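Here is a friendly note to go with your first look at this structure. Take the points in order, and keep the 3D view open as you read.

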Amino acid sequence: MINGLLSGFLWSMDTVVTSAGLSTVSFIFFLPLVCVCIHDFVSVLLLSLYMVYHKKYIEGILHSLGTKYMILAALLGGPVGLVSYTAAVYYMGPGLVGIVTSLYPAVGTALAIIFLKERRQAYQLLALGVSLVGIMLLGFSTDSHIVSVGRGMFFAIICILAWGSEAVISTTVLRRYPVHESMVLFVRQTTSMCVTGLAVLSCIGLLHTTYQLEGTLFISYIPIASVFGTLSYLFYYRSLKRVGASRTMVLNSSYSAFSIIISYMVLGIVPSLYSIVLGCIIVIGGIISAYDFRERVQ
């Protein structure tokens with residue numbers, strides 16, 4: 001359970017730092033691709049060091065039957081999910097995007113019940129509902145810099161569908177095939193980096209003409225965000241393997257509450273008492289939804 005909560009806290013750090021970097025540049029249509037490409041490149045470097053240090057070598061991935069499923073999950077989570085998430089952050093700000101996209105556990109839970117046959121108790125589903133209601137109510141109280149709600153919601157919905165599907169596929173790979181979570185994450189980040197890198201290269205002419213030196217400060221933010229994001233992913237995949245997709249997604253959605261605190265500390269956005277109370281409801285509801293009292297008794 002701790003792994004899921006840590007993934008949520010660290011992802012809120014990634015979100016706020018990314019938003020701070022995006023605020024330093026003028027938006028161009030392929031900016032999310034640039035952001036994700038740099039983010040994943042730094043992540044791959046960090047994961048390579050991690051895997052060498054812990055002697056988790058890449059040969060195991062190349063001979064695994066689950067590699068094709070890892071790549072599919074990578075495409076959903078990275079090029080589709082994270083690019084949409086980054087675009088949504090620009091259009092609606094970190095607070096509101098964190099709230100809207102944290103609804104993805106509802107989609108993921110439904111997929112996990114259907115395809116993974118994960119069982120949820122009535123009180124867990126009730127706690128999930130309470131947490132999601134808190135998330136939606138919090139959306140109306142969050143003070144974010146909004147550029148376009150319509151475009152932001154469009155990208156946020158794509159992100160929700162992609163992340164929910166990715167969690168179910170990744171859980172299947174982690175439980176069915178003998179691979180370490182760092183290997184699965186390495187495939188995810190490498191695939192995402194290559195796809196977004198090719199997309200950025202195809203736009204390189206536009207990059208020279210419209211993305212001038214103003215991007216220097218922006219680029220310095222992304223590696224910092226990537227450190228938080230990589231750690232978040234590691235805890236996320238570890239939680240997927242240990243407690244399953246539906247529980248992990250609920251715990252990870254706590255980043256919507258954590259983002260309120262981090263936005264205050266980093267961006268100076270002062271939360272109201274109403275927001276703080278709702279944030280506590282979201283986290284507590286997520287914990288209860290992920291906790292199986294019957295397993296504890298046994």
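**Notes for a first look**

1. Let's begin on the inside of this predicted model. Its largest nonpolar core has 45 residues, and those with the most contacts inside it are Tyr 85, Trp 163 and Tyr 237. Two or more residues of this core come from each of α1 (2-22), α2 (31-53), α4 (67-101), α5 (104-116), α7, α8, α10 and α11. The largest share, eleven residues, is given by α4. There is also a second, separate core of six residues, with Val 34, Ile 38, Val 200 and Ile 222 included in that set.

2. Now step back to the whole fold. The protein has 14 helices and zero strands, so to speak of its elements is to speak of helices. Of the 298 residues, 55% are buried. If you take the contacts between residues at least 6 apart in sequence, 91% of them join residues at least 24 apart. The accessible surface is about 13,400 Å², and carbon and sulfur atoms account for 73% of that.

3. Which residues does Tyr 237 contact, leaving aside its neighbours within four places in sequence? They are Glu 166, Ser 170, Leu 174, Glu 181, Val 184, Leu 185 and Arg 188. Keep Glu 166, Glu 181 and Arg 188 from that list in mind for the next point.

4. Charged pairs come next. Side chains of opposite charge can pair when their charged atoms come close. A search of the whole structure turns up two salt bridges. One is between Arg 188 and Glu 166, where the closest N and O atoms are 2.6 Å apart. Arg 188 sits in helix α8 (residues 181-202) and Glu 166 in helix α7 (residues 149-176), so this pair ties together parts that are 22 residues apart in sequence. Arg 188 and Glu 166 are both buried.

5. The other salt bridge joins Arg 238 to Glu 181, with 3.2 Å between the closest N and O atoms. This pair links distant parts of the chain, with Arg 238 in helix α10 (residues 215-243) and Glu 181 in helix α8, 57 residues apart. Is Glu 181 buried or exposed? Glu 181 counts as buried because its relative accessibility is 7%, and the cut-off for buried is under 20%.

6. The structure holds eight aromatic pairs. Phe 9 is partly exposed, with a relative accessible area of 33%.

7. Another ring pair, Trp 11 and Tyr 85, is tilted, with 5.6 Å centre to centre and 50 degrees between the planes. Here helix α1 provides Trp 11 and helix α4 provides Tyr 85, 74 residues apart. Both Trp 11 and Tyr 85 are buried. Ring pairs also link Trp 11, Tyr 85, Trp 163 and Tyr 233 into a cluster.

8. Please look at Ser 12 as well, which lies in helix α1. Ser 12 is buried, with a relative accessible area of 0%. Apart from neighbours within four places in sequence, Ser 12 is in contact with Tyr 255, Phe 258, Ser 259 and Ile 262.

9. Helix α11 (residues 245-252) is mostly covered, with eight of its eight residues buried. Among them are Arg 247, Thr 248 and Asn 252, along with Met 249, Val 250 and Leu 251.

10. Finally, turn to the outside. Leu 126, Val 130, Leu 273, Ile 276, Val 277 and Ile 281 make up a nonpolar surface patch, with about 540 Å² of accessible area together. At least two residues of the patch come from each of α6 (122-139) and α13 (273-290). How many residues does α13 supply? The answer is four, the largest share of the patch. Ile 281 is found in helix α13, and at 33% relative accessibility Ile 281 counts as partly exposed.

How values were computed:
Residues are numbered from 1 along each chain as its sequence is written. This is a predicted model: local features need pLDDT of at least 70, side-chain atom pairs count only at pLDDT 80 or more; totals for chains, interfaces and linings use all residues. Side-chain values use heavy atoms; hydrogens and water are left out. Patches are made of residues with over 30% relative accessible area and no salt bridge: like charges are joined within 9 Å, nonpolar side chains (Val, Leu, Ile, Met, Phe, Trp, Tyr) within 5 Å. Accessible areas come from the Shrake-Rupley method with a 1.4 Å probe; for residues, only the protein chains shown count as cover. A salt bridge is a side-chain nitrogen of Lys or Arg within 4 Å of a carboxyl oxygen of Asp or Glu. Buried means under 20% relative accessible area, exposed over 50%, partly exposed in between (1.4 Å probe, protein chains only). A nonpolar core is a set of buried Ala, Val, Leu, Ile, Met, Phe, Trp, Tyr and Cys residues joined through side-chain atoms within 4.5 Å. Contact means heavy atoms within 4.5 Å. Rings of Phe, Tyr and Trp (its six-membered ring) pair if their centres lie within 6.5 Å; planes under 30 degrees apart count as stacked, over 60 as edge-to-face and the rest as tilted.
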